Amino acid sequence: MDMTMVLEWVIKSIVLILFGIVGFAYTTYFERRALARIQTRIGPNRAGPAGLLQPVADAIKLIFNEELIPTKADKYLFLLAPVLTVLPSLIIWAVIPWGTSITLFGREISLYLADINVGVLYLMAVASIAVYGIVIAGWSSNSKYPLLGSLRATAQIISYELSLGLAFVGPILIANSMSLIQIVEKQQETAWFIVLQPLGFVIFFLAVLAEINRAPFDMPEAEQELVGGYHTEYSGMKFALFFMAEYIKMIAVSAIAATLFLGGYSGPWVESLPWLGPIYLLIKIIILLFVIIWIRGTLPRFRYDRLMSFGWKIMLPAALINVFLTAVVIILLP
Amino acid sequence: MKIPDLLRVNEIIRGLWITFRSMFEKPVTIQYPEQTRDPKPRFKGRHALKRYDNGLEKCIGCALCAAACPSDAIFVEAADNTDLKRYSPGERYAATYEINLMRCIYCGFCADACPTEAIVLEHIYELAYTDRSEAFFTKEKLLDPVSDIGLKTPQKVEPGIFIRSIPQMKDPV
């Protein structure tokens, strides 16, 4: 392991983190514009050309906000919670492949940070850590609404994680590998897994909507019932960190969905022109982000008991049946 | 068999189609400082004091508006007209006329009470101010400008034309 290798990793990590942060800023802008169009409004269009500087204005406003800490809050946990929420959403990007490899400055640079052979497990593990941040935020605030919000988040994420894990199994079985790069390569050989695994994709998509607390599963932050949910007591940059985590997770799950089911970086001519890979992946991510926003603009929030019964009585059996059928088909068809 | 509500996928798809379709409709937003919307005909905005065509003020300083005002926002101080210095066709005119817009509730009772239709609630709604003293609308701010054919007040008139304490004519010559 030489120095240039380390340097390459550091640069790639910084680029990924910057992508996450800029992506977060412009996902909020994209969401506000798209929701406005769904509601036949215009949306933010004042700050800069077509409102493109709106995220900057929001960031400046949040930085200058007063940082409140409730008197009886557990200070260390209160400060730790936003960090614990953001970190997993950033490190999840490590295993997502953006392409095969390109030649830059006479060096062959692979367009992924790490190709670990248990990539999918890594995704599952890291995605689950984020719930700790939410639980700690709710508990350390020492206030009733954050606590209720975090309790809901815990129950919801644990319930839906089962179906999410089972939805991962379909692509793993077909690709016969847990490495995300091999899953993408298998999709290049056969077909996108959304064709082979339509039920798996639907289960995956619903489960990640619940996992990242997006509408219609945004129970932990149901404003009408819980004020702001687990981040009620947070203000300023700490509040911004929770938002950042939510939006980066949104982008991350779009990237994972694109990688597992929509062919990832693959597309026409990507073999001869490898730099097309990131572009294809970005297009797929943007389409999936739009679908998430579109669903938020359409569906009302679930009632809490229905959310749980939907998770346990419909999603879990459907995911199990999907895994069973996939396994049977793979054994019967060599 | 009854279909569980959660499985009514066609309803979800219908909803998604409606929201998707609405994305291509024209936005209903009015971009306010650049675009404004005309108020409805009976909209009650800020007051204005009216003049006759010849430039005389309609207000005769009777203070009925101040009496009718439920929030005590109007202050009127009357003074006598003379033929050398004539402000209104009546016996008296409003020497001081002030409306405190911080108190005004825009009910329009003043306009209803006015015997000469001197005070009217106009369509002016851009009433923001940065200093509290700007909320006091004095006579100079409220009075309409003189029309092309009228003369400024005070006017010098021939004696014997305006003899009634309450003017009768709609538009005196």
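Helices (H or I, at least four residues) and strands (E, at least two) are DSSP runs, numbered from the N terminus. On this basis chain B has 4 helices and 5 strands, and from the N terminus on its elements run α-β-α-β-β-α-β-β-α. This is a predicted model, in which local features need pLDDT of at least 70 and side-chain atom pairs count only at pLDDT 80 or more, while totals for chains, interfaces and linings use all residues. Residues are numbered from 1 along each chain as its sequence is written, and chains are lettered from A, with ligands numbered from 1, in the order in which they are written.

The C-alpha trace of chain B spans about 95 × 35 × 35 Å along its principal axes. Of the 173 residues of chain B, 18% count as buried, that is, with 20 or more other C-beta atoms, placed from the backbone, within 10 Å of their own.

Contact between two residues requires C-beta atoms, placed from the backbone, within 7 Å. Chain A and chain B each bring 12 residues to their contact. On the side of chain A, α1 (3-38), α11 (276-298) and α12 (304-332) each supply at least two residues.

A nonpolar core is a set of buried Ala, Val, Leu, Ile, Met, Phe, Trp, Tyr and Cys residues joined through C-beta atoms within 7 Å. The largest has 84 residues, and F204(A), A207(A), V208(A) and A257(A) have the most contacts inside it. Helix α10 (residues 236-261) of chain A provides the largest share of this core, 17 residues. Beyond its neighbours within four places in sequence, V208(A) touches L164(A), V253(A) and A257(A).

Methods:
A residue is buried if 20 or more other C-beta atoms lie within 10 Å of its own, exposed if 12 or fewer, and partly exposed in between; C-beta atoms are placed from the backbone.
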